[in-house]
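Let's take a walk through a protein chain together, one stop at a time.

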Amino acid sequence: MTTDTSNDTNDLQVDVIHSGDCIEVMRGLPAGSVDLIFADPPYNLQLKGELLRPDNSKVDAVDDHWDRFASFAAYDEFSRAWLAAARRLLKPDGAIWVIGSYHNIYRLGACLQDAGFWILNDVVWRKSNPMPNFRGKRLTNAHETLIWAAKSDQSKYTFNYEAMKALNEGVQMRSDWVIPLCTGAERLKTASGEKAHPTQKPEALLHRVLVAATKPGDVVLDPFFGTGTTGAVARRLGRRFIGIEREAEYRAAAEARLAKVRPLEAECAAVTQPRRAEPRVAFGQLVERGLLAAGEVLHSLNGRHAAKIRADGTLIATDARGSIHQVGAALEGAPSCNGWTYWHFRREGVSVPIDVLRQQIRAEMGN
């Protein structure tokens with residue numbers, strides 16, 4: 001699955017992990033070829049000395065060489081370079097999610113705006129099980145911040161609003177997400193039992209991001225692939241991924257992990273779409289097609305009202321005439337009415353909403 005950056009190609013390979021420096025690799029990929037980028041760049045934690053628990057045991061903190069920068073200026077230069085390379089790869093309607101802590105997220109936000117990205121939201125990932133502050137000199141750091149940005153202010157980015165609402169039990173999704181840290185069986189370990197990666201993100205977090213901002217078949221790029229959380233979730237959800245990781249041990253862990261992931265069936269990977277995204281069907285088409293007949297009587301959902309169908313697809317009742325929506329509203333004395341769910345017809349003694357017939361026509365249009 002790993003590819004070497006020395007093989008220059010104009011064709012976009014997907015479901016692969018590239019080895020090498022993310023900036024150089026991204027510069028070698030085709031421009032405008034990626035739908036979404038999820039980036040978890042180095043935090044630049046600036047740790048000084050060991051961090052110990054009250055029992056004097058050492059905390060497994062992020063002190064790896066890839067998280068060390070000589071200065072803020074060096075970190076900013078690095079951030080601007082990888083963001084420029086990433087932006088070139090995005091399609092015009094593409095978007096990016098960048099995650100970070102208080103150490104780096106503010107600098108990344110400024111770099112995003114300077115690069116021309118258009119910030120859509122910042123999301124607070126509140127960890128339900130954060131690591132305590134062992135020294136007792138600061139508040140427990142219980143969250144990280146994600147910045148969601150479109151490629152430009154003109155981008156028609158993907159946002160699956162209805163799907164996120166469904167994921168949140170029918171309530172509009174907020175910008176504060178309570179998700180636990182990656183623990184237990186999900187946490188990858190080395191042969192010696194140590195963490196395979198110090199900042200492995202929980203799959204639940206990536207699941208929410210990809211359900212919110214991608215469609216099945218979309219290409220998701222992660223330039224700091226680590227042990228492959230983005231790729232694992234993308235594969236499971238029927239999305240395609242491109243990973244970039246320069247550390248051989250992380251790539252090996254990611255490849256082993258991805259080999260165990262099986263994609264969902266297409267119908268299960270799809271997410272709820274708003275009704276306005278479906279093909280428009282006029283009530284008159286049901287009459288033209290003979291699915292309902294002119295002169296046939298429709299009944300209201302509550303059974304109190306009735307109306308006859310006219311040849312032009314309008315309805316006529318005792319005191320009202322007009323569209324299925326207008327007549328329903330008039331009979332109920334309401335400002336508006338969804339005629340598709342309000343009106344029912346009868347077949348073999350069973351009351352059926354007329355929307356069933358609309359969905360039948362939509363299915364035919366889809367085929």
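Start with helix H6, where Thr-229, Thr-230, Gly-231, Ala-232, Val-233, Ala-234 and Arg-235 are buried. That is seven of the eight residues in H6, leaving this helix mostly covered. And what do the buried residues of H6 pack against? They pack against E3, H5, E8, strand E9 (240-245) and H7. Just past the end of H6 comes Gly-238, with a positive phi of about 80°. Keep in mind that what you are looking at is a predicted model.

Let's follow one of those neighbours, H5. There is a handy way to talk about such pairs: two packed helices are described by the angle between their axes and the distance between the axes. For helix H5 (residues 203-213) and helix H6 (residues 229-236), the axes come within 9 Å and cross at roughly 55°. Angles between 35 and 65 degrees count as oblique, so H5 and H6 are oblique to each other. Their crossing is right-handed.

Which residues do the touching between H5 and H6? On the H5 side you can pick out Glu-203, Leu-206, His-207 and Leu-210, and they meet Thr-229, Thr-230, Ala-232, Val-233, Ala-234 and Arg-236 in H6. Sorted by class, this contact has five nonpolar, three polar and two charged residues.

Is H5 itself largely enclosed or largely open? Nine of its eleven residues are buried, so H5 is largely enclosed by the rest of the structure. The buried ones are Glu-203, Leu-205, Leu-206, Arg-208, Val-209, Leu-210, Val-211, Ala-212 and Ala-213.

Now jump back along the chain to helix H2 (residues 72-89). H2 has 18 residues and reaches 26 Å from its first C-alpha to its last, close to the 26 Å expected at 1.5 Å a residue. Its buried residues are Tyr-75, Asp-76, Phe-78, Ser-79, Trp-82, Leu-83, Ala-85, Ala-86 and Leu-89.

Take a closer look at H3. H2 and H3 pack at an angle of about 45°, with their axes 10 Å apart. That angle makes H2 oblique to H3, and H2 passes H3 in a right-handed crossing. From H2, the contact is made by Phe-72, Tyr-75, Asp-76, Ser-79, Arg-80, Trp-82 and Leu-83, and from H3 by Arg-107, Leu-108, Cys-111 and Leu-112. Those residues divide into seven nonpolar, one polar and three charged.

Is Arg-107 buried, partly exposed or exposed? At 29% relative accessibility, Arg-107 counts as partly exposed. Leaving aside residues up to four places away in sequence, Arg-107 touches Phe-72 and Asp-76. Arg-107 and Asp-76 are 31 residues apart in sequence, yet their C-alpha atoms are 7.1 Å apart in space.

You can find another such pair further along. Arg-262 lies in the loop between helix H7 (248-258) and helix H8 (266-269), and it is exposed, with a relative accessible area of 58%. Its C-alpha is separated by 7.1 Å from that of Arg-235, 27 residues away along the chain.

Most residues other than glycine have a negative phi, and most peptide bonds are trans. Asp-15, though, has a positive phi near 60°. You'll find Asp-15 in the loop between strand E1 (2-4) and strand E2 (16-19), where it counts as partly exposed at 28% relative accessibility. Glu-169 also has a positive phi, about 60°, without being a glycine. Glu-169 sits in the loop between helix H4 (161-167) and strand E7 (176-178), and it is exposed, with a relative accessible area of 75%.

Finally, zoom out. The chain has twelve helices and 15 strands, and buried residues make up 45% of its 367 residues. Of the contacts with a separation of 6 or more, 66% are between residues 24 or more positions apart.

Definitions and conventions:
Residues numbered from 1 in each chain as written. Predicted model: local features only at pLDDT ≥ 70, side-chain atom pairs only at ≥ 80, totals over all residues. Heavy atoms only, no water. Axes fitted to C-alpha atoms, helices over the stretch in contact; angles between N-to-C directions. Helix = DSSP H or I, 4+ residues; strand = E, 2+ residues; numbered from the N terminus. Parallel < 35°, antiparallel > 145°, perpendicular 65-115°, else oblique. Left-handed = near helix turned anticlockwise from the far one by under 90°. Contact = heavy atoms within 4.5 Å. Nonpolar A, V, L, I, M, F, W, Y, C, P; charged D, E, K, R; others polar. Expected span 1.5 Å × (residues − 1). Buried < 20%, exposed > 50% of the residue type's maximum accessible area, 1.4 Å probe, protein only.
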